[in-house]
Structures are given as C-alpha cells and as structure tokens.
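My notes follow in the order I looked things up.

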Amino acid sequence: MRKKVTVIGAGNVGATAAMRLAEKELADVVLIDILEGVPAGKALDLMEAAPIEKHDANVIGTTGDDYSPAKDSDIVIITAGIPRKPGMSRDDLLSTNMNIMDAVTKNVAAVAPNAVLIIVSNPLDAMCHVAYNASGFPKNRVLGMAGLLDSARFRTFIAMELDVSVESTHAYVMGGHGDTMVPLPRFSTVSGIPITQLIAPERIDAIVERTRNGGAEIVGLLKTGSAYYAPASAAVEMAETILKDKKKILPCSAYLSGEYGIRDLFMGVPVKLGANGVEEIIEVELTDDEKAALDHSADAVRGLVDDMKRLK
Ligand code: APR
C-alpha cells in the first residue's frame with residue numbers, strides 16, 4: 001500500500017516539503033491549510049509538474065477543518081502557524097501559535113491516530129510540547145525538526161571553510177532551537193576527522209556563531225518571511241528515515257525523560273529514527289562546558305513552556 005504523508009500549513013515550508021516528498025516519490029501527500037484555495041492550487045500545480053519530474057505521487061490539497069483526507073496518514077508534518085508581525089509581542093505570538101498547534105494536532109489525532117508527528121512550527125521545542133499534550137500520542141511518535149536543520153547549516157559552513165564536499169561533513173547541534181542551541185565542534189567531522197583538527201579555534205567560533213544565527217541571517221536577507229528550503233529538506237529527511245525505517249541517527253527535538261539529566265522537556269538530542277519514530281535517544285558524554293550549555297538551553301525551553309502555562 002502507498003504511504004501517506006499529510007502536511008499541515010501549505011505555506012513556504014509546507015509546500016516545499018510537499019514538493020520534495022512527491023518528487024522523491026516517498027508517499028502520497030495531503031496539504032491542509034486554512035487559506036481558501038491555496039492548498040488545492042499548490043497541490044494541483046505539483047501534480048502538473050509530475051509528468052516532467054517523473055513521479056506518480058498523488059498530491060491533494062484541502063482547506064479548513066475537514067481532515068478526512070489525512071485519514072490514516074503514516075506521518076504528519078505540522079508547519080502551521082503565523083510569523084511574528086510588527087508590533088506583536090512575543091507572548092502574543094506564542095499564544096497564537098500555541099492555539100493553532102493545539103487545534104490542528106487534535107484534528108490530526110482524530111483521523112490519524114497512528115501517525116508520527118514531525119513538528120516544524122516555531123518556537124519549535126515549545127510547539128512540540130503542545131502537540132504532545134494535544135495528541136495524547138506516546139512520546140516516541142512526537143518529534144521536532146530543528147537539530148537536523150541547524151546541523152545542516154553547520155555542515156554547509158564547514159564545507160565552505162575547507163572547500164570540501166558537504167557530503168564529507170558531519171555535524172552535531174544539540175539543545176533548543178534558538179539562540180541557546182549547542183553546536184558541538186568535538187563531534188563535528190570531515191570524513192571522520194574532528195574539525196577541531198582542521199579549522200583554527202577562532203574560525204570554529206565564527207562558524208558556530210553563524211550557525212546559531214542561521215535563521216536570523218536568512219530572515220535578514222529575505223525581509224519578508226523566514227528560511228524554507230533547508231527546513232523543508234530537513235523535515236523530509238526525517239520523514240524518509242521513518243517511512244523507510246532506516247534507523248538513522250539524526251539530531252531531533254525529542255521528549256526527554258531523564259536523558260542528559262533533563263526531564264519532561266523537548267530538546268534537541270541525537271535520536272535513532274525508525275518506523276516507530278524516536279526509537280532511542282543516544283546519550284553522548286559531554287564535557288562540563290557542553291553540559292552547562294545544554295542546561296542553559298534547557299532553561300530557555302522550560303521558560304517558554306512555563307510561559308505557555310501562564311498564557312493558557
Ligand atoms: N491550520 C492550517 N494551516 C494554518 C493554520 C491552521 N490553523 N494557521 C495558519 N496556517 C497556515 C497559514 O495559512 C500559512 O499558509 O500555515 C502556513 C504557514 O506558512 P508560512 O506563513 O509561509 O510560513 P513558513 O515559512 O512555511 O513557516 C512555517 O515553520 O520554520 C517554521 O518559523 C516557521 O513557524 C513557521 C513555520
């Protein structure tokens with residue numbers, strides 16, 4: 001039987017993810033948005049590209065609260081949300097996106113009770129909490145896309161620095177998706193060689209800083225909107241890993257129950273991803289400094305989770 005992936009939010013990230021899913025022929029795709037006509041229009045446009053792109057994935061789009069086309073989806077990627085608008089407070093944004101995430105996740109859980117949820121909407125780790133609570137799904141079936149994107153950015157900058165293929169690079173970023181993320185140069189390599197042996201410390205610092213500001217750098221250039229090609233690629237890589245039960249180790253936001261000394265919090269950690277979603281959380285030994293940075297990041301995520309309780 002064909003696999004089905006539903007993408008909630010047919011905006012930049014959602015539509016790009018739908019395109020990649022279809023072109024890789026990973027699954028049939030259902031695009032859902034509140035905007036009238038937009039998901040159906042983008043779906044039809046993608047279908048009309050299929051003869052040229054040479055795939056037979058079916059892509060449909062629907063508007064509103066009728067989630068029946070998403071029935072029995074294997075994976076649901078949630079990108080729904082609104083960006084911060086001028087004059088909008090951080091709390092207003094958090095409360096709006098929290099309500100959107102709560103509503104769409106409940107709709108999803110009603111029709112696709114066995115799906116794995118991949119959360120993309122920001123603030124990422126906080127939104128994972130909302131989806132986890134609203135879905136009632138076990139913790140292995142709710143995860144967030146962040147670390148894969150951040151580590152892809154890190155890899156891009158390593159490849160640029162050394163003039164080597166991105167394919168030879170490997171990088172780890174842990175922690176929350178935001179200013180407090182924890183890029184780990186010790187675990188970042190070029191063909192197995194730690195970058196600490198290949199790049200001068202001050203250049204590593206510069207690359208780490210650029211990685212940390214990766215999202216903001218793109219927002220600064222685009223002016224209207226945020227990054228979407230790389231976020232969509234990262235979400236689709238996670239979906240592919242799950243659909244094919246590949247058991248890749250990828251950095252994802254996962255629910256921690258004591259791993260790394262952190263409890264009841266979604267945070268970016270290395271995860272073994274397979275058909276069951278998060279199949280294992282890999283615990284690597286951290287130095288005192290790295291652990292302190294991770295704890296600092298956990299405090300930032302916990303702050304958002306507490307804010308959401310206050311805003312409820
Ligand atoms: N149900 C379905 N779709 C919704 C809902 C809802 N309740 N509320 C908003 N949306 C839709 C919007 O109509 C819009 O089409 O979500 C889409 C979001 O798309 P964009 O504004 O283009 O944002 P995008 O760049 O795709 O980013 C989506 O991913 O990377 C994160 O920070 C980013 O949180 C943002 C999300």
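**Salt bridges and the domain boundary**

I began with K272, which is partly exposed, with a relative accessible area of 24%. The model is a predicted one. The side chain of K272 meets that of E280 in a salt bridge, 3.6 Å from N to O. E280 is also partly exposed, its relative accessible area being 38%.

I then asked how many salt bridges the structure holds. The count is 17.

E209 and R212 form a salt bridge, with 3.4 Å between the closest N and O atoms. Both residues lie in helix α6 (residues 201-212), 3 residues apart, which is about one turn of the helix. I checked how open the two are to solvent probes. E209 has a relative accessible area of 39% and is partly exposed. R212 is at 27% relative accessibility and counts as partly exposed too.

I went on to K24 and E240. Their closest N and O atoms are 3.8 Å apart, and the two form a salt bridge. This pair links distant parts of the chain, 216 residues apart: K24 sits in the loop between α1 and β2 (28-33), and E240 sits in helix α8 (residues 229-243). Is E240 buried or exposed? E240 is buried, because its relative accessible area is 15% and the cut-off for buried is under 20%. K24, at 46% relative accessibility, counts as partly exposed. I also noted that K24, E240 and K244 are linked in a network of salt bridges.

**Two domains**

I looked up the domain assignment of the chain. The assignment gives domain 1 as 4-144 and domain 2 as 147-311. Taken over C-alpha atoms, the centres of the two domains are separated by 22 Å.

How much area do domain 1 and domain 2 bury between them? The value is about 3100 Å², and 73% of it is on carbon and sulfur atoms. In terms of residues, 37 of domain 1 are in contact with 37 of domain 2.

Between domain 1 and domain 2 I find 2 salt bridges. I also looked up R310 and D91, which form a salt bridge with the closest N and O atoms 3.3 Å apart.

Which elements supply the side of domain 1 that touches domain 2? At least two residues each come from α1 (12-23), β4 (75-78), α3 (90-111), β5 (116-119), α4 (124-135) and β6 (142-144). Helix α4 gives the most, with 8 residues. Sorted by class, this side of domain 1 has 22 nonpolar, 7 polar and 8 charged residues.

**A glycine in a strand**

Last, I looked at G61, which lies in strand β3 (residues 59-63). G61 is buried, with a relative accessible area of 18%. Leaving aside residues up to four places away in sequence, G61 touches L31, P39, A40 and A43. I also took the distance from G61 to I32: the two are 5.7 Å apart in space, C-alpha to C-alpha, and 29 residues apart in sequence.

Note on methods. Residues numbered from 1 in each chain as written. Predicted model: local features only at pLDDT ≥ 70, side-chain atom pairs only at ≥ 80, totals over all residues. Heavy atoms only, no water. Domains from an automatic or database assignment. Contact = heavy atoms within 4.5 Å. Buried area = accessible area lost by both parts, 1.4 Å probe. Salt bridge = Lys/Arg side-chain N within 4 Å of Asp/Glu carboxyl O. Helix = DSSP H or I, 4+ residues; strand = E, 2+ residues; numbered from the N terminus. Nonpolar A, V, L, I, M, F, W, Y, C, P; charged D, E, K, R; others polar. Buried < 20%, exposed > 50% of the residue type's maximum accessible area, 1.4 Å probe, protein only.
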